[in-house]
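Me: I have just opened this one and have not looked at it before. Can we go through it piece by piece?

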Amino acid sequence: MFKSILVPLDLADTDLAKPAIATAATLSRTWNGTVRLLNVMPTTPLMLAEYVPADFDAQQRQTSEEALAIVAQESGIEASRISTVVRQGGIYHEILEEAAAIKADLIVMTSHRPAMRTYFLGSNAGHVVRYAKCSVLVVRH
């Protein structure tokens, strides 16, 4: 049923992503599927561009790719069934784009318990749930 599972995660808080990764690992074993770990880097604001090194985005991408590789190794998912990708842009937009690109059957992501500000402003998980073309499983932390 779930052959292609996307797991977006924030590398600043990998502990938050552990329940989603564990859930995706179980589902991928059950359904003989693959897991794609995704990290979305924010776009460097133009007003900061002159204060950072010219290769700042490339350095950040390399650091993110290395961190994702470590998370993938520690996930317990067979190397042949897990892949990683780093995208840059708006978080929920890039999650939806990656889900479409890999034809994901399921997006598994974690979310903090809702706070008052997320009821009014919405969260990335909320946007993904609303606009995803596939099923979304939100694992509460």
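Me: What covers the buried residues of α3?
Reply: The cover includes α1 (14-31), β2 and β3 (82-88). Keep in mind that this is a predicted model.

Me: Which residues in α3 are buried?
Reply: Ser64, Leu68, Val71 and Ala72 are buried there. They cover an arc of only 95° around the axis, so they sit on the same side of α3.

Me: And which exposed residues does the face turned away from the buried side carry?
Reply: That face of α3 carries Gln73 and Glu74, which are exposed.

Me: How many residues does α3 have, and how far does it reach?
Reply: α3 has 19 residues. From its first C-alpha to its last it reaches 27 Å, close to the 27 Å expected at 1.5 Å a residue.

Me: What follows α3?
Reply: Gly76 follows α3, and its phi is positive, near 85°.

Me: Back to Ser64. Why does Ser64 count as buried?
Reply: Its relative accessible area is 9%, and buried means under 20%.

Me: What does Ser64 touch, not counting residues up to four places away in sequence?
Reply: Ser64 touches Leu11, Asn39, Met41 and Val86.

Me: New topic, pockets. What volume does the second largest pocket have?
Reply: The volume of the second largest pocket is about 220 Å³.

Me: How many residues line it, and which lie nearest its centre?
Reply: The second largest pocket is lined by 14 residues, and Val40, Met41, Pro42, Gln60 and Ser64 lie nearest its centre. So Ser64, a buried residue at 9% relative accessible area, is also one of the residues nearest the centre of that pocket.

Me: Which element gives the most to that lining?
Reply: α3 gives the most, with five residues. β2 (34-41) and α3 (56-74) each supply at least two residues of the lining.

Me: What is the lining like by class?
Reply: The lining of the second largest pocket has six nonpolar, six polar and two charged residues.

Me: Another spot: where is Val136?
Reply: Val136 is in strand β5, residues 135-140.

Me: Which residues is Val136 in contact with, leaving aside neighbours within four places in sequence?
Reply: Val136 is in contact with Leu106, Ile107, Met109, Val128 and Val129. Leu106 is 30 residues from Val136 along the chain, and their C-alpha atoms are separated by 5.6 Å.

Conventions:
Residues are numbered from 1 along each chain as its sequence is written. This is a predicted model: local features need pLDDT of at least 70, side-chain atom pairs count only at pLDDT 80 or more; totals for chains, interfaces and linings use all residues. Side-chain values use heavy atoms; hydrogens and water are left out. On a 1 Å grid over the protein atoms alone, a cavity is a set of points where a 1.4 Å probe fits but cannot get out, and a pocket is an open set with protein on both sides within 12 Å along at least five of seven lines; lining residues have an atom within 4 Å of a point. Grid points are joined across faces, edges and corners, and a volume is the space filled by probe spheres set on the points. Helices (H or I, at least four residues) and strands (E, at least two) are DSSP runs, numbered from the N terminus. Ala, Val, Leu, Ile, Met, Phe, Trp, Tyr, Cys and Pro count as nonpolar, Asp, Glu, Lys and Arg as charged, and the others, Gly among them, as polar. The expected span of a helix is 1.5 Å times one less than its number of residues. Buried means under 20% relative accessible area, exposed over 50%, partly exposed in between (1.4 Å probe, protein chains only). The arc is that of the directions from the helix axis to the C-beta atoms. Contact means heavy atoms within 4.5 Å.
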